[in-house]
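Take a walk through this model with the viewer open.

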Amino acid sequence: MNVLLYARVSTESQAQLGHSLEAQINTMREYASQMSWVVAGEYIDRGLSGRSNERAAFLAMINFATSPHANISAILVHKLDRFSRSREDAIFYKALLKKKGVSVISITEPLEASPAGLLVEGILETIAEFYSQNLAEEVKKGQLQVAKKGLNQSEAPLGYRSENGVLIVNAYEAEIIRSIFHGCLQNYSYRQIAHSIETKYQKRLHPATIAYILKNQAYLGHRIWNRRRKDGSIRPESEWIIALNSHEPLISQATFTKVEKILQAKKPHPKTHLFSGLCQCNYCKSTLTCYTQGENVKLICRKKGCPGVSILESKLEKFVFESLAMLYHHAYPYESYNLCELENKDLKRLILLTAIQIINLDQKQVEIVYLN
Ligand SMILES: [Zn+2]
């Protein structure tokens, strides 16, 4: 089978502690040759901070390994922590590769197949499916340098002017931008903010433009390309190309995050609750109903006369995803990815449905998992 080798050092001390790139690569070459595997490529990152733009080789490798005719069966790493800089990353890329039939093999930490492993693999596949659109984004990030040259420089956003493609702060407009973010922090509506800007600065902005500005990462100092189609309509965010820290920010990350939370809270709640239709009453076996009570979602049994207890969704969520995280850890003892940390509710529900499906398919194996 064909394999790729990947090596990375992220700190000076690692490089000195015998994890040097040469040592990693040499050990992997020996391992591959012992197994009679063909090394189809070697990828090396020397980035010290592990930021994505310093992982060009990693992204190039993912790009190659997942391309249609690459015919790669596995990526070898010296240790799993070389593969990714964060747990979020590890699960994302591993799931992505798995979808293309590429596994990640740590030559110093061999993994055993277990029932927990099978369950986790199923969950990984679900996550990969969910994120398949993000693949385009990740690959594009890797190709940013190339893309930058080819793409037309987009117009400078309000608050900046463009000088030879570099964004320079326009002091007067910058004040408007800060005022818009301030207005949002005060919990004013888009319409109210637009009105106050017009009064104060004689600048007319549509409420939809206000909404757009409040989400624009250009104000954090990041440049974004590929946002609009040729016909002027806006592409989904997953298709944007983002260059971090390319110019002076107008808004602090703390303010931007606060505003993000305020905007999030304005969004209507998802229609389907996380556990909708999935839980049974422990007394009468009828399906529990989810309902919203203030900030909380509760699951209760609505059957007349049933003494069934109610439970907070957040409590159940914590329990279920902590259990799944334990299974994950059981299957991949050298990692500790916490599924509880996933923020997307739709993805969480998909994971639940997948887990339930797998459990129903193979009750015996799952019993073994429980025993373990
Ligand atoms: Zn009941």
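Donors here are N, O and S atoms within 2.8 Å of the metal (3.2 Å for Na, K and Ca); water is not among the atoms, so sites may look incomplete. The zinc ion has Cys281 (SG), Cys284 (SG), Cys301 (SG) and Cys306 (SG) as its donors, at 2.2 to 2.3 Å. Along the sequence, these donor residues follow the spacing C-x2-C-x16-C-x4-C. The angles between the four donor atoms run from 101 to 116 degrees, which makes the arrangement tetrahedral. Four donors count as tetrahedral if all angles lie between 85 and 135 degrees; four count as square planar and six as octahedral if opposite donors are over 155 degrees apart and all others between 65 and 115; anything else is irregular.

A word on the source. The model is predicted: local features need pLDDT of at least 70, side-chain atom pairs count only at pLDDT 80 or more, and totals for chains, interfaces and linings use all residues. Residues are numbered from 1 along each chain as its sequence is written, and side-chain values use heavy atoms, leaving out hydrogens and water.

Cys301 and Cys306 are both buried. Buried means under 20% relative accessible area, exposed over 50%, and partly exposed in between (1.4 Å probe, protein chains only).

Now look at the packing. A nonpolar core is a set of buried Ala, Val, Leu, Ile, Met, Phe, Trp, Tyr and Cys residues joined through side-chain atoms within 4.5 Å. The largest one has 31 residues, and Phe275, Phe321, Leu324 and Ile351 make the most contacts inside it. Helix 6 (115–142), strand 10 (296–300), helix 12 (313–331) and helix 13 (345–361) each supply at least two of its residues. Helix 12 gives the largest share, seven residues. Helices (H or I, at least four residues) and strands (E, at least two) are DSSP runs, numbered from the N terminus.

Phe321 shows the packing in detail. Beyond its neighbours within four places in sequence, Phe321 is in contact (heavy atoms within 4.5 Å) with Leu274, Leu339, Cys340, Lys348, Ile351 and Leu352. Another core lies apart, with 25 residues, including Leu158, Leu167, Cys184 and Leu250.

Which residues of helix 12 are buried? They are Glu313, Leu316, Glu317, Val320, Phe321, Leu324, Ala325, Leu327, Tyr328 and Ala331. They cover an arc of only 165 degrees around the axis, which puts them on the same side of helix 12. The arc is that of the directions from the helix axis to the C-beta atoms. An α-helix has 3.6 residues a turn, so residues three or four places apart point the same way. The face of helix 12 turned away from the buried side carries exposed Lys315, Lys318, Phe319 and Met326.

Helix 9 (residues 190–201) has a buried side too, with Ile193, Ala194, Ile197 and Tyr201. Their arc is only 100 degrees, so they sit on the same side of helix 9. Helix 8 (171–185) and helix 10 (207–215) are among the elements that cover them. Exposed Arg191, His195 and Thr199 are on the face turned away.

After helix 9 comes Gln202, in the loop between helix 9 and helix 10. Gln202 has a positive phi of about 55 degrees, although it is not a glycine. Most residues other than glycine have a negative phi, and most peptide bonds are trans. Gln202 is exposed, with a relative accessible area of 63%.
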